[in-house]
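Please read it alongside the sequence and the structure shown below.

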Amino acid sequence: MPIAEEEKLLPLTQRWPRTSKFLLSGCAATVAELATFPLDLTKTRLQMQGEAAIARLGDGAVDSAPYRGMVRTALGIVQEEGFLKLWQGVTPAIYRHVVYSGGRMVTYEHLREVVFGKSEDKHYPLWKSVIGGMMAGVIGQFLANPTDLVKVQMQMEGKRRLEGKPLRFRGVHHAFAKILAEGGIRGLWAGWIPNIQRAALVNMGDLTTYDTVKHYLVLNTPLEDNISTHGLSSLCSGLVASILGTPADVIKSRIMNQPRDKQGRSVKPLVPTCWRGCSSVGD
């Protein structure tokens, strides 16, 4: 049988492996985003508290304004805006996760198989995983920056309504069009530098911690290489990744929510409270 005919008989995942991984990553990311989005919205509102207080009360507001933690912020959204507002901005968040997760997965696979390659014993060293993961995260996050920008701004629309400010957008596509019209292409990539820094730190902390904790548990405890070990390793890696990525994430969110001029440049200073929202940071 000719090679072309044999290829047609192969499953789609084998005929187009990278395309399949991109689509599967996007589907998994969509499900995860729908389940965790209320935490992401709460995180963004927490990160904006100091900035909102400055706007209302002046320069002394950072120390005097009451701080609402994660639970109180989430309950406040439900009480003041409604339960379904916990998912405000979920559409651009899904777009972001499809682009970011798919792009990161395809880039990582390419780096692992083509650029770095495995060692002679078919083992993929940890340092290659770390560098490849960081590079893949940076590329995926850069591609997804416009969707992340729209997500952050739409997450703050409910807060603007409570403060008596006019809403900026009628929907996701109007948000993209308005940002593009007001700030140009440069405006869509506002906050991209702390955004890719965050992606690099999160991937570094995630990969290194997961591998280190898993090997420690297998070698030094009665636990075997099973779902319990993977679960504990994932919890530890998520905690470390959140701590490492929070400062850049706060800066990114503040920059993305700022008004911009015709050249896409910010017209407001940042308020330095870099670890707000740490408890709910994640990809």
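This is a predicted model: local features need pLDDT of at least 70, side-chain atom pairs count only at pLDDT 80 or more; totals for chains, interfaces and linings use all residues.

**H8 with H10**
- On the H8 side the contact is formed by Asn 145, Pro 146, Thr 147, Leu 149, Val 150, Gln 153 and Met 154, while H10 contributes Val 172, Ala 175, Phe 176, Ile 179, Gly 187 and Leu 188.
- Sorted by class, the residues in the contact of H8 with H10 comprise nine nonpolar and four polar ones, with no charged residue among them.

**H8 with H12**
- Helix H8 also meets helix H12 (residues 227-256), where the two axes come within 9 Å and cross at roughly 75°.
- Because angles of 65 to 115 degrees count as roughly perpendicular, H8 and H12 are roughly perpendicular to each other.
- The residues that make this contact are Asn 145, Asp 148, Leu 149, Val 152 and Gln 153 from H8, together with Lys 252, Ser 253 and Met 256 from H12.
- The contact of H8 with H12 is made up of three nonpolar, three polar and two charged residues.

**The course of H3**
- Helix H3, residues 17-47, spans only 39 Å between its end C-alpha atoms, whereas a straight helix of 31 residues would span 45 Å at 1.5 Å a residue.
- Within H3 there is a kink of about 60° at Thr 36, and this position lies shortly before the proline Pro 38.

**H3 with H7**
- Helix H3 packs against helix H7 (residues 90-116) at an angle of about 140°, and their axes are 8 Å apart.
- That angle makes H3 oblique to H7, because only angles over 145 degrees count as roughly antiparallel.
- The crossing of H3 and H7 is right-handed, and the contact between them contains 12 nonpolar, eight polar and five charged residues.

Note on methods
Residues are numbered from 1 along each chain as its sequence is written. Side-chain values use heavy atoms; hydrogens and water are left out. Contact means heavy atoms within 4.5 Å. Helices (H or I, at least four residues) and strands (E, at least two) are DSSP runs, numbered from the N terminus. Ala, Val, Leu, Ile, Met, Phe, Trp, Tyr, Cys and Pro count as nonpolar, Asp, Glu, Lys and Arg as charged, and the others, Gly among them, as polar. The expected span of a helix is 1.5 Å times one less than its number of residues. The bend at a residue is the angle between axes fitted to the seven residues ending there and the seven starting there. Axes are lines fitted to C-alpha atoms, for helices over the stretch in contact, and angles run from 0 to 180 degrees between N-to-C directions. Angles under 35 degrees count as roughly parallel, over 145 as roughly antiparallel, 65 to 115 as roughly perpendicular and the rest as oblique. A crossing is left-handed if the near helix is turned anticlockwise from the far one by less than a right angle, and right-handed if clockwise.
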